[in-house]
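Colleague: I have a model open and would like to talk it through. Can you put it up?

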Amino acid sequence: MTRVKLIHLSDIHVGRQYFSDELGEKVIRQVNQMKPSCVVISGDLTDDGYYHEYLDAKNYIDRIETENKLIVPGNHDSRNAGDALFDELFGTRYPVCARKGIKMVGIDSSEPDIDDGHIGRVSYPFIRENLSGEDFKILVLHHHLIPIPDTGRERNIPVDAGDVLKLIAELGVNLVLCGHKHVPWLWVLNGIVFLYAGTATTLRIKAHIEQSYNYIELDPGRALKIYRVSSATGQKKLVYKI
Ligand SMILES: [Fe+2]
C-alpha cells in the first residue's frame with residue numbers, strides 16, 4: 001500500500017440560503033491543492049432535494065479533482081423524492097470503492113421526507129459482503145451512530161444503530177465517516193474510529209464551531225493520521241494518530 005490521502009466533506013448544502021460562496025470556493029481550491037486519492041462526501045449535498053439544488057450540487061462536486069469520489073445521500077437529499085435524483089445524478093446510493101488495500105463502502109441511512117436515520121436489515125448482507133477480508137475497511141453514512149456533544153437534544157440516530165454497531169465491530173471495520181450534525185468530532189469504540197465531519201460550507205453552525213472538513217492520511221503499515229481542516233483558513237489540526 002502506498003500513502004492514501006482522503007478528504008472527507010459533509011453537509012455542504014450547495015447553493016441555498018446558508019451556503020457560503022466564499023467558503024465553497026476556498027474549499028474547492030484547498031482540496032484540489034491537496035491532490036487527494038479520494039474525496040468522500042457524507043450527505044446533505046442539498047437542502048430540500050429539489051432538482052435545481054441537485055444540479056447546483058453536481059456542478060460544485062464536479063469541480064473537485066480526484067480519481068475517486070464516494071458520495072452518499074443525507075436526510076435533506078431524500079426530501080421531495082430526491083433519492084431518485086441522487087441515483088440519477090450520482091449513480092448509486094450504495095457506492096463501493098476498493099483500491100490500494102482499502103475497501104470503502106457507502107450506505108444510504110436516510111428515509112424519504114424524515115430526518116431520522118435507518119440503515120435497515122436489508123442492507124446488512126451488503127455491508128457484510130463488501131467489508132469482509134483483510135483490507136482497511138471504511139464505512140460511510142450520513143447519520144451518526146453514536147451521540148456527540150454540542151448538538152442539543154439527541155435525535156435522528158439510526159433506529160437500528162445498535163445492530164449496525166454490532167455488525168461493524170464483528171467485521172473489524174477500521175473507520176466510519178459520517179456527518180449530519182454540523183459538529184466535527186471523533187470517538188473510538190471497540191477499535192473503530194468514528195469520525196464526524198462538520199459542515200464545510202454553510203453558515204448553519206453550532207455556536208462558534210467553525211466550518212471544517214477532514215483530511216485523512218493512511219500509510220503502509222496502516223499508520224493513520226486524521227486532521228481537521230478549517231474551511232476559512234485551510235489550516236490543518238492533527239486530531240488523531242495511530
Ligand atoms: Fe443531515
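Colleague: What is the strand order in the open sheet of 6 strands?

Modeller: The order is 3-2-1-10-11-12, with mixed pairing. Two strands pair if DSSP finds at least two bridges between them. Strands (E, at least two residues) and helices (H or I, at least four) are DSSP runs, numbered from the N terminus. This is a predicted model: local features need pLDDT of at least 70, side-chain atom pairs count only at pLDDT 80 or more, and totals for chains, interfaces and linings use all residues. Residues are numbered from 1 along each chain as its sequence is written, and side-chain values use heavy atoms, with hydrogens and water left out.

Colleague: Which are the edge strands?

Modeller: Strand 3 (68-72) and strand 12 (236-241); each pairs on one side only.

Colleague: How do strand 1 and strand 2 run, parallel or antiparallel?

Modeller: Parallel, joined by 4 bridges. L9 has I41 in strand 2 as its bridge partner. Strand 10 (residues 212-218) and strand 11 (residues 224-230), on the other hand, run antiparallel with 7 bridges, and L218 stands opposite L224 there.

Colleague: Is strand 2 buried or exposed?

Modeller: Mostly covered: 5 of its 5 residues are buried, where buried means under 20% relative accessible area, exposed over 50% and partly exposed in between (1.4 Å probe, protein chains only). C38, V40 and S42 point one way, V39 and I41 the other. In a regular strand the side chains alternate between the two faces of the sheet.

Colleague: Switching to the metal. Which residues are the protein donors of the iron ion?

Modeller: D44 (OD), N75 (OD1), H142 (NE2) and H180 (ND1), at 2.1 to 2.2 Å. Donors are N, O and S atoms within 2.8 Å of the metal (3.2 Å for Na, K and Ca); water is not among the atoms, so sites may look incomplete.

Colleague: Where in the chain do D44 and H180 sit?

Modeller: They are 136 residues apart. D44 is in the loop between strand 2 (38-42) and helix 2 (51-62), and H180 is in the loop between strand 7 (175-178) and strand 8 (185-189). D44 is buried at a relative accessible area of 1%, and H180 is buried at 10%.

Colleague: And why is the arrangement irregular?

Modeller: Because the 4 donor atoms subtend angles of 87 to 168°. Four donors count as tetrahedral if all angles lie between 85 and 135 degrees; four count as square planar and six as octahedral if opposite donors are over 155 degrees apart and all others between 65 and 115; anything else is irregular.
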